[in-house]
Amino acid sequence: MYVVVREETEGVLVHVMGEKLALGKDGAFLLPGRLIHALKPEDLPEGVSFSLEDTLPCGAGFYQEDHVVFRREEKSLAFQVDVTSSYDPETWDGLFPLGDTLRARYHVLKTIRDIDISAVCLDEKAFLLSYRLHWQALEEEDLDSMLLAVCVAIGTLENRGNERLWYGGRDETGGNDFCP
């Protein structure tokens, strides 16, 4: 078995291919990219949260502003993927103002049925957008491919928000409908 979960007096311990995983501040186990290549989605235990510690074997990874936690749901290959994007206005180097950028992304997220928005904070001190998406792994894919697809999907959602800014915030009907 590639992944072993044990209940100990100090809490839950997770070992992947014999290596003990560190527990992140958020309660998710930090899964090194170098270990992902040998795993399939069904190798991950149900209900245990993981976060990518670095990058996937191919070098791809999540944006540094995005904290992504994934957890396999009970008795299935379905995953909950929680994304928290937090930005520092002092270091923002985007083409458009940070508030406008996140409002546009928020608008895109609201239009997608399988995404639940958890938190939105768009003020001078904190720029945060947090949401959950539901991901169905394919039986024949490995964990590396699944997580790469999740990376691409999150990037695509952010790009769709950015496209709204390029085209004046217009939606498909030609309106100018920005959210709060």
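A nonpolar core is taken here as a set of buried Ala, Val, Leu, Ile, Met, Phe, Trp, Tyr and Cys residues joined through side-chain atoms within 4.5 Å. In the structure described, which is a predicted model, the largest nonpolar core holds 41 residues, and the members that touch the most other members are L31, F50 and V81. Seven residues of this core come from α3, which contributes the largest share. In soluble globular proteins, nonpolar side chains tend to be buried together. The surroundings of F50 can be given in detail: when its neighbours within four places in sequence are left aside, F50 is in contact with V14, L21, A28, F29, L31, L44, P45, V68, V69 and F70.

The structure also contains one cavity of 30 Å³ or more, and the space in the largest cavity comes to about 60 Å³. Its lining is made up of S85, Y87, L102, R105, L109, L129, Y131, L157 and E158, and the elements that supply two or more residues to this lining are β7 (78-87), α2 (98-110), β9 (127-136) and α3 (143-166). With three residues, α2 gives the most to the lining of the largest cavity. By residue class, the lining comprises six nonpolar residues, one polar residue and two charged residues.

As to the confidence of the prediction, the protein chain has an average pLDDT of 88, and 93% of the residues score at least 70. Over residues 170-180, however, the pLDDT is below 50, although this stretch has 23 contacts in the model beyond near neighbours in sequence.

Terms used
Residues are numbered from 1 along each chain as its sequence is written. This is a predicted model: local features need pLDDT of at least 70, side-chain atom pairs count only at pLDDT 80 or more; totals for chains, interfaces and linings use all residues. Side-chain values use heavy atoms; hydrogens and water are left out. On a 1 Å grid over the protein atoms alone, a cavity is a set of points where a 1.4 Å probe fits but cannot get out, and a pocket is an open set with protein on both sides within 12 Å along at least five of seven lines; lining residues have an atom within 4 Å of a point. Grid points are joined across faces, edges and corners, and a volume is the space filled by probe spheres set on the points. Helices (H or I, at least four residues) and strands (E, at least two) are DSSP runs, numbered from the N terminus. Ala, Val, Leu, Ile, Met, Phe, Trp, Tyr, Cys and Pro count as nonpolar, Asp, Glu, Lys and Arg as charged, and the others, Gly among them, as polar. Buried means under 20% relative accessible area, exposed over 50%, partly exposed in between (1.4 Å probe, protein chains only). Contact means heavy atoms within 4.5 Å. pLDDT is the predictor's confidence in each residue, from 0 to 100.
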